[in-house]
Amino acid sequence: MHVPDGFLDAPTSVATGAVAVVAVGVSLRKAREELDDRTAPLAGLVAAFIFATQMLNFPVAGGTSGHLMGGAIAAVLVGPWTGVLATSVVFLVQCLLFADGGITALGTNIVLMGVTTVVVGWFVFRGVQAVLPRTTAMVPVAAGIGAFVSVPVAALLFVGLYAVGGAADIPLGQLTGAMVGVHVLIGLGEGVITFLAVGSIIAVRPDLVHGARSVLKTRTLEVRTAGAAA
Amino acid sequence: MKNVSSHVSNRAVAAGILVVALVLAGIVSFYAASTPDGLTKVSEDEGFADTAKTHATEEGPFAGYEASFLDDGRLSKGASGVVGVLVVLGLAGGLTLVLRRRESDDDAHVPADTTV
């Protein structure tokens, strides 16, 4: 869903750019609370993984494809604030090095595919987590559901931006139907990939998964092997 | 007895994620679907695809995830994927390493990067 230059007018692009700057600025301060010597290295790798996965367009209905956005994966694995930073780096590199996503649309793409999928993915994840059994096995399930919901929400937000500052006069009902329809399908892919990716880390090291902390805390603590030396 | 956290080291987890990312971007990406993505398709169907402007870095060496200096399609896609993974890892990894709380910070709050 990389928005190219020209789809949205200048004032709208400036506005989304400002929102992106604020979101990244706040995240730079808040991410510090999520990152320590143990988890910080994971954040860069999660960003690299999201970049790799975004190259893998999978087919959905009607000669259309889609790829992961990654906000939910990032938020669950390394925390929402760090997730905003990780996805923003991905969109910055894609824009400058790979000509994917317009330069004037960088703010739009960070807001739509980064901030929105992180925020929606994270809150849906936490909501689902609250009603499911408190086990680590449920963490990938909740993450997958959060990821699934985040994609059509991002598509809806694009329609909202297009209504404000779209370059062409497109009937909004029609645009909404088309965008949400295809992105529900892409969201299914997002959900499956997120479930598998989060599930893989949960299987080997649940203690490294940010979104599993609240579950692990309720268990009897065992002696940790790493991070004790000071 | 199965301990939840001790069998696989941090290093092994990191290496695993990196290998998966490199294989996906360097090899699997060649086989990804080439049909237009959701937004591109919608913009074609709804008639606003032509409002997209040419990208300012369209002539760059890796534009469109193709390494322009390599003729072979597989190598071209794979090389740009590997470069992308490493650049993203360097930037995002560097950023989070700078931002992280260090052990000493927990006792005395010392802002990073302000030493003269």
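The buried residues of helix 1 of chain A are covered by, among others, helix 3 (71–78), helix 4 (80–98), helix 5 (106–131), helix 6 (138–165) and helix 8 (213–217) of chain A, together with helix 3 (73–99) of chain B. This is a predicted model, in which local features need pLDDT of at least 70, side-chain atom pairs count only at pLDDT 80 or more, and totals for chains, interfaces and linings use all residues. Residues are numbered from 1 along each chain as its sequence is written, chains are lettered from A and ligands numbered from 1 in the order in which they are written, and side-chain values use heavy atoms, with hydrogens and water left out.

Let's stay with helix 1 of chain A. Helices (H or I, at least four residues) and strands (E, at least two) are DSSP runs, numbered from the N terminus. Among the buried residues of this helix are T12(A), G17(A), A20(A) and S27(A); buried means under 20% relative accessible area, exposed over 50%, and partly exposed in between (1.4 Å probe, protein chains only). Helix 1 also has a kink of about 35 degrees, centred on L28(A), the bend at a residue being the angle between axes fitted to the seven residues ending there and the seven starting there.

Next comes F58(A), in strand 1 (residues 58–60) of chain A. F58(A) is buried, at 18% relative accessible area. Its contacts (heavy atoms within 4.5 Å), leaving aside residues up to four places away in sequence, include L68(A), I186(A) and A33(B).

Finally, look at the loop between helix 4 and helix 5 of chain A, which holds A99(A). Phi of A99(A) is positive, near 55 degrees, although this residue is not glycine.
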